[in-house]
Amino acid sequence: MKMLTTQLSGLLTRLAEREQFSIEETARLLAQAIASDGRIIFYGVDELAAVTMRAQLGEEKMQSVIPYEKGMELHHTDRVLIMSKREHPEEALQLAKQLHDAFIPFAVIASAKEEDDALAQWAYTYVSTDITRGLLPTETGDRTVYVDLIATLFIFEAMKQMMDEMLLDFEM
């Protein structure tokens, strides 16, 4: 338990320090949708779809969030957040290309470093969790405890807090 707490605390601290600017830029990008009566569309790969549920159903909901649905009509006032782990499914890559070709700004939260990720070439903003393996070593030398969801939720909460502040200033 102590090792998990130490490793997780270290990861979140590094994320806060290393990705602060990217998180703020992502918050600014998504706030544009709210300011222009657009939608914020979340696409989460695998368990990262839980972030969409948190944004829609959590105690402090995020305005204008809807989940991505294949084939949905997208508008120039919409902003999209793609959340993925190490390997992107073909659908995520197709969505990124579609958004890029339609000039719809989108952000990515992913585990790969920006320079190593195909999604980064099209994204307006990119936040890396830099999670490439499990957090804890096992007795056999493998790694266990993948915390992609925890890291992505942490980024979401930081981004939401910044967005709320930006939108409050916008309303004044």
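Is Phe-156 buried or exposed? Phe-156 is buried, with a relative accessible area of 0%; here buried means under 20%, exposed over 50% and partly exposed in between, using a 1.4 Å probe and protein chains only. The views below come from a predicted model, in which local features need pLDDT of at least 70, side-chain atom pairs count only at pLDDT 80 or more, and totals for chains, interfaces and linings use all residues. Residues are numbered from 1 along each chain as its sequence is written, and side-chain values use heavy atoms, leaving out hydrogens and water.

View 1. Searching the whole structure turns up 2 aromatic pairs (ring centres within 6.5 Å, with the six-membered ring used for Trp; planes under 30 degrees apart are stacked, over 60 edge-to-face, the rest tilted). Phe-42 belongs to strand E1 (residues 40–44) and Phe-156 to helix H5 (residues 148–171), so the contact ties together parts 114 residues apart in sequence. Helices (H or I, at least four residues) and strands (E, at least two) are DSSP runs numbered from the N terminus. Phe-42 is buried too, at 1% relative accessible area.

**View 2. Tyr-43 and Tyr-68 also pair edge-to-face.** Their ring centres lie 5.6 Å apart, with the planes at 85°. Tyr-43 sits in strand E1, while Tyr-68 is in the loop between strand E2 (65–67) and strand E3 (79–83), so parts 25 residues apart in sequence are tied together. Tyr-43 is buried at 10% relative accessible area, and Tyr-68 counts as buried at 13%.
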